[in-house]
Amino acid sequence: MAIAPEEGTQMRILHLIIERGPITAKELACTLNLTSAAVRRHVTNLEDQHAIEEYEGASSQKSTRGRPSRRFVATETGQVAFGDSYADVAHEAMTFIRDYGGQKAINDFAQARVARIEENYRSDIQAAGKSVEARLRVLAQRLTDDGYAATIRQVPRTVTLQLCQGHCPIQHIAQDFPVLCEAETEAFHNLLGVHVQRLATLADGEHVCTLTIPLGVRTHHGRMMTEPCGAQENVEVHFASSQTDDVDDPKEGNR
């Protein structure tokens, strides 16, 4: 499905919903410096095209008048509209590898992917120093540059961070080959030097890929918070992709 006419602003809104969802129309308007009426019109168009849908998770907020604020996330259709270049060809290639080389060939490919991810990001992440948080910020920025719409969210009352990827260029491939998600998690673990736990994936039908990264201290209850992104109110750090001209305002996240 193609996202039709008025693509400039409408695609920027879709991009923000993918990157920061669940998000309200008011938050979109503030971030893009648009009127609420204009945003609602674009949101309605995106809903009509089945590119976005209302999020009905635990993070539903109340408006100042006590009514729930509608919060939006991207649908699978919206993810495709955002752009998954050559996904069909790549899926065919992975199927060919499995059919002719078996699962071992797929696993070997996944391990080669781990090595490539580490090679691509290692120098930038090492330059950030030994701080896990600093390394994570660099990783999120590099992922955003590569089309993953990454954000970092602080889990309230903990020193646990979440790396959230609102878009995945290999989402449809990973649905049939989840070992690719496992390979990515392994690469992030090696790059950050700490345990990384994956909580949710777009490939499994969630609205965002979520990983938790502990900074070394547990909660006063003695356990880590492990709720997927969007299941609670989080403080976010957003990254502007070099591939878009979106306005980046770290104050306009999920609150």
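Me: What does buried mean, as applied to a residue here?
Reply: A residue is buried when its relative accessible area is under 20%. The model is a predicted one.

Me: Why is Phe-72 called buried?
Reply: The cut-off is under 20%, and Phe-72 has a relative accessibility of 3%, so Phe-72 counts as buried. Phe-72 belongs to strand 5.

Me: What makes up the surroundings of Phe-72?
Reply: A contact requires heavy atoms within 4.5 Å. Leaving aside residues up to four places away in sequence, Phe-72 touches Ile-17, Gly-21, Pro-22, Ile-23, Ala-25, Val-43, Glu-47, Ile-52, Glu-53, Glu-54 and Tyr-55. Pro-22 is 50 residues from Phe-72 in sequence, and their C-alpha atoms are 5.0 Å apart.

Me: Why are strand 1 and strand 2 at the edges of their sheet?
Reply: The sheet is open, with 3 strands in the order 1-5-2 and antiparallel pairing. Strand 1 (23-24) and strand 2 (52-54) each have a single partner strand, so one side of each lacks a neighbour in the sheet.

Me: What makes helix 2 largely enclosed?
Reply: In helix 2 (residues 25-32), 6 of the 8 residues are buried, so the rest of the structure largely encloses this helix. The buried ones are Ala-25, Glu-27, Leu-28, Ala-29, Thr-31 and Leu-32. After helix 2 comes Asn-33, with a positive phi near 60°.

Me: Why is strand 6 described as largely enclosed?
Reply: Of the 5 residues in strand 6 (residues 150-154), 4 are buried, so the rest of the structure largely encloses this strand.

Me: How do you know that strand 6 pairs with strand 7?
Reply: The requirement is at least two bridges; 5 bridges join strand 6 to strand 7 (residues 160-165), and the two run antiparallel. Ala-150 has Gln-165 in strand 7 as its bridge partner. The two strands form a hairpin with 5 residues between them, and Arg-157 in the turn has a positive phi of about 65°.

Me: What makes a set of residues a nonpolar core, and which residues have the most contacts inside the largest one?
Reply: Its members are buried residues of the nonpolar types, joined through side-chain atoms within 4.5 Å. The largest such core has 34 residues, and Leu-136, Leu-139, Leu-143, Leu-163, Phe-188 and Ile-213 have the most contacts inside it. Two or more residues come from each of helix 5 (87-127), helix 6 (132-145), strand 6, strand 7, helix 8 (179-192) and strand 9 (209-214). Another core, of 18 residues, lies apart from it and includes Ile-17, Ile-18, Ala-25 and Ala-51.

Me: Which residues does Leu-143 touch?
Reply: Not counting residues up to four places away in sequence, Leu-143 touches Tyr-121, Tyr-148, Ala-149, Ala-150, Leu-163, Gln-165 and Phe-188.

Me: Why is Arg-116 said to lie over the face of Phe-109?
Reply: CZ of Arg must be within 6 Å of the ring centre and within 35 degrees of the ring normal. Arg-116 is at 5.4 Å from the ring centre of Phe-109 and lies over its face.

Me: How many residues of the protein are buried, as a percentage?
Reply: Buried residues are 48% of the 255 in the protein.

How values were computed:
Residues are numbered from 1 along each chain as its sequence is written. This is a predicted model: local features need pLDDT of at least 70, side-chain atom pairs count only at pLDDT 80 or more; totals for chains, interfaces and linings use all residues. Side-chain values use heavy atoms; hydrogens and water are left out. Buried means under 20% relative accessible area, exposed over 50%, partly exposed in between (1.4 Å probe, protein chains only).
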